[in-house]
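Please look through the structure shown here, and then read the notes below, which are grouped by topic.

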Amino acid sequence: MKLAWQDTDVPDMPTLGTPITTLAGLDEIPGGYGAQLQWARTRAKALRSEFAATGTPDSVTTCDLVTLPYPTRFGLFRASRAIAPFLAITNRMLVVRWTESDGRRRVLLFEPSDVELGRSTPYFAALARRTPGPVRSLMVTEHGTVLGHLARLGIAPEDVDYLLFDHLHTQDLRRWIGTSTPQPDLGDGPVEPVFPHAKVIVQRRELLAMSELHPLQRPWYQPDAYRDVRPEALLAVDGSLLLGPGVAVIATPGHVLGNQTLVLNTSSGIWASSENAIAAECLTPEHSRMPGIARWAHTWQQELVLNANTIETTAEQYNSLIIEKTLVDHAQADPRFLQFFPSSELTAAWTNPGTSPTFTHKAVTHR
């Protein structure tokens, strides 16, 4: 399938930020994933010191979007002994604002999911078809919309500079960045962008992979939604970048090859946000009270519990999550847990016994 940007390959977009080279070369370390793990841990310690010296953004605000069901066997990969086949996760958007050295103000939206169009993701569409309506209403709660949250914060859509997702699973961006041709399901003409000046920061590897998805990937992507999006709105990047003071995107491949993590330096310390894990306790499973988690980690000597709905390169995902674990600070509310903020955070629900998290962040706040 040919996508809009593939007439001439993924276009080179205007440069953004400053390349972070501290983690460069990880995949070239000889000796396999074990040797790469130790290298990643060492280099992440160095990056932590470097990043802490870059300053802080002006503000970080958390906005709840939707709570929805997700298979326990994916979210708590191999570790859970819960009887519930599904757990609940809450998708949230982070609004990050900073000021450039020349005085320009920037607005970045992290995980601004179009929840309505996301329902067409093959896996979730199939799940909805086989779930009775009354049951769906118990399992899905919509908390707010992207535009509703921005209006509450006094941010006009045209003032948004960047859209960033840890990866493009479930995402349909046609309304956000517009299309070059009519979309029958969205009206008669080409879709005008809600965010006319925004660029979508995405790893080039993920864009390229979407033109020919592997069977393991297909349930989670909507590639047809990218066929006609405006290519000039896509900012293809390679690797890790410092975007602004205390704001970085770090390449964390594994969950998908082009996975990336938002890293923030705030008044409470360093945070990382991605979907490599669905709960803070998945990075310190020895402190988890959920059934099976601590025992599994001890039995198999694993210090992480992955979110693994697509097992593209599991060992690589593990190493990437170690980088995140090494970068962040301990939570002020409970130092047993780390300031890893899952972009889809495990949420307690009476319908899902055995999956209530021991600790939740619920928000990242900085101003």
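β2 (59-71) gives the lining of the second largest pocket its largest share, 5 residues. This is a predicted model, in which local features need pLDDT of at least 70 and side-chain atom pairs count only at pLDDT 80 or more, while totals for chains, interfaces and linings use all residues. Residues are numbered from 1 along each chain as its sequence is written, and side-chain values use heavy atoms, with hydrogens and water left out.

**The second largest pocket**
- The volume of this pocket, meaning the space filled by probe spheres set on its grid points, is about 610 Å³.
- Of its 34 lining residues, those closest to the centre are L68, N91, G118, F124 and T170; a pocket is an open set of points on a 1 Å grid where a 1.4 Å probe fits, with protein on both sides within 12 Å along at least five of seven lines, and lining residues have an atom within 4 Å of a point.

**T310**
- T310 is placed in the loop between α9 (293-300) and α10 (314-327), helices being DSSP runs of H or I with at least four residues and strands runs of E with at least two.
- T310 has a relative accessible area of 0% and is therefore buried (under 20%, with a 1.4 Å probe and protein chains only).
- A polar atom of the T310 side chain lies 2.9 Å from the backbone oxygen of H255.

**D334**
- D334, found in the loop between α10 and β13 (344-347), counts as buried because its relative accessibility is 16%.

Definitions and conventions: Buried means under 20% relative accessible area, exposed over 50%, partly exposed in between (1.4 Å probe, protein chains only). A polar contact is a pair of N or O atoms within 3.5 Å; within protein, one must be able to donate a hydrogen and the other to accept it, and residues adjacent in sequence count only if both atoms are side-chain atoms.
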